[in-house]
Amino acid sequence: MKVPETQRDTALDTTVMAVTRLRLTDFRSYDSFRFDGDSRPVVLTGPNGAGKTNLLEAVSYLAPGRGLRGARLSDIDRRYGKGGWAVAATVQTQEGSVDIGTGRDAGNTRRTVRISNNPAQSQAALAEFVSVVWLTPQMDRLFTDGASARRRFLDRLVYGFDPSHASRVNAYDHAMRERLRLLKAGRRDSAWLSALENAMVEHGVAVAAARLSLCEHLSEISVAADGPFPRARIAAAGVLEDDLRKGPALAAEDRLRAVLAGNRGLDAESGRTTEGAHRSDLAVAHIGKDMPAELCSTGEQKALLIAIVLAHARLLARHNGVIPLLLLDEVAAHLDVERRHALFADILEQGAQAWLTGADATLFDELSPNDAAFYRVQDASMTPLLK
Ligand SMILES: Nc1ncnc2c1ncn2[C@@H]1O[C@H](COP(=O)(O)OP(=O)(O)OP(=O)(O)O)[C@@H](O)[C@H]1O
Ligand SMILES: [Mg+2]
């Protein structure tokens, strides 16, 4: 596929985030797996059940969170394996090549992380090094399902800009759970509750502000985009966001603090936290059709998601000089030829290391052997595919 050299964003001072080495141990269908590559896109084709998505999932654990399937850590243990699993990778980052190890030891309920061979305090540290965004077939319902998946998607987009976002979201959730636990237990220790509410206010308003700012920037890029992917209006929605749009952050903090204190009885009774950063949502509209995303067709919704992911990569390159890893599971199969080629062209133009999967290798005919590294995946092993 020809991409004019002048169009390549990578000519600027940007780093292409890329996995150049990947080792898996007892990770789902893989007992032991090795991949060594460069920063080009990786195309994985092979039959159903071959292990394509498992590889993308393994890469997704290089970022904080529960991976692209949102799986329970113990479900990842290879069946009939020794128990526990491990992912080790070398990632090309802005800090140079960084070795990352993550996994679950048998008997351990937590995921441990090692960065350059040093244990990290929490997975949130991964956000300092790796930016990765994914699209999976399960996300086809992102706009119609509940807000929590949209929030997680949005938060992952924020990680790339603000690595402390992951730990702020965690700190907010932790304080919220603790407050609710106290309230449900009927403990009205006012000083303790106030301390937890203060933590919710401090982290919650920062989290909402980061979501708001990212959406504004993304929207700007997406609104100005041309090409076959729809232009999208992207906004962070919620009471906190409204407050932040209307006035200073301090006022939003004061209001949330008062609301939390006032809602103690209500929250104790209902067993849920009525207001806060956990209620935010991602609101997307298809500009060309003047239609909220949830009312668009399945294909249009997919195209909107791709437009957001591509806009995000551009934004990250522009602001932070990093082109994120893109994990695009079965995305090509759902696009018509024009959009499929436009997606490939955009990935090559940006220079991103995209991991693309599909059952059918002909979907990727447009890409030349120089454009990407091609592999056939079968029975949990991966062999180079000669084109
Ligand atoms: N914990 C596990 N231990 C062993 N095998 C597992 C585990 N979890 C999932 N698998 C198996 O891994 C295999 C490969 O799954 P994967 O989702 O990667 O396939 P795929 O190549 O993406 O297929 P498709 O084209 O259908 O999406 C499946 O047969 C699945 O049952
Ligand atoms: Mg799959």
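A residue is taken as buried when its relative accessible area is under 20%, as exposed when that area is over 50%, and as partly exposed in between. By this criterion Glu-330, with a relative accessible area of 30%, is partly exposed. The structure examined here is a predicted model. Glu-330 lies in the loop that runs between strand E14 (325-328) and helix H10, and its phi angle is positive, at about 55 degrees, although the residue is not a glycine. A positive phi, of about 50 degrees, also occurs at Arg-28, likewise not a glycine. Arg-28 is placed in the loop between strand E2 (18-27) and strand E3 (30-36). At 18% relative accessibility, Arg-28 falls under the 20% limit and therefore counts as buried.

The chain is divided into domain 1, which comprises residues 1-142 and 302-387, and domain 2, which comprises residues 144-211 and 237-280. The C-alpha centres of the two domains are separated by 31 Å. To the contact between them, domain 1 contributes 19 residues and domain 2 contributes 13 residues.

The largest nonpolar core consists of 119 residues, and Leu-22, Phe-153 and Trp-355 have the most contacts inside it. Helix H5 (residues 190-224) provides the largest share of this core, with 13 residues. Because both domain 1 and domain 2 give residues to the core, it lies between them. In soluble globular proteins, nonpolar side chains tend to be buried together.

A search of the whole structure identified one cavity of 30 Å³ or more. The largest cavity has a volume of about 30 Å³, and its lining is formed by Ala-63, Val-130, Ser-131, Val-132, Trp-134, Arg-156 and Tyr-159. Strand E9 (132-135) and helix H3 (147-159) are the elements that give two or more residues to this lining. Classified by type, the lining has five nonpolar residues, one polar residue and one charged residue.

The second largest pocket has a volume of about 370 Å³. Of the 18 residues that line this pocket, Ala-225, Asp-226, Gly-227, Arg-314 and Asp-346 lie nearest its centre. Helices H5, H9 (298-320) and H10 (337-350) each supply at least two lining residues, and the largest share, five residues, comes from H9. By class, the pocket lining has 11 nonpolar, two polar and five charged residues.

Helix H5 also contains Glu-216, which counts as partly exposed at 46% relative accessibility. Glu-216 is 82 residues from Trp-134 in sequence, and the C-alpha atoms of the two residues are 21 Å apart in space. Trp-134 is one of the residues that line the largest cavity.

Key. Residues are numbered from 1 along each chain as its sequence is written. Chains are lettered from A and ligands numbered from 1 in the order in which they are written. This is a predicted model: local features need pLDDT of at least 70, side-chain atom pairs count only at pLDDT 80 or more; totals for chains, interfaces and linings use all residues. Side-chain values use heavy atoms; hydrogens and water are left out. A nonpolar core is a set of buried Ala, Val, Leu, Ile, Met, Phe, Trp, Tyr and Cys residues joined through side-chain atoms within 4.5 Å. Buried means under 20% relative accessible area, exposed over 50%, partly exposed in between (1.4 Å probe, protein chains only). Helices (H or I, at least four residues) and strands (E, at least two) are DSSP runs, numbered from the N terminus. Domain bounds come from an automatic or database domain assignment. On a 1 Å grid over the protein atoms alone, a cavity is a set of points where a 1.4 Å probe fits but cannot get out, and a pocket is an open set with protein on both sides within 12 Å along at least five of seven lines; lining residues have an atom within 4 Å of a point. Grid points are joined across faces, edges and corners, and a volume is the space filled by probe spheres set on the points. Ala, Val, Leu, Ile, Met, Phe, Trp, Tyr, Cys and Pro count as nonpolar, Asp, Glu, Lys and Arg as charged, and the others, Gly among them, as polar. Contact means heavy atoms within 4.5 Å.
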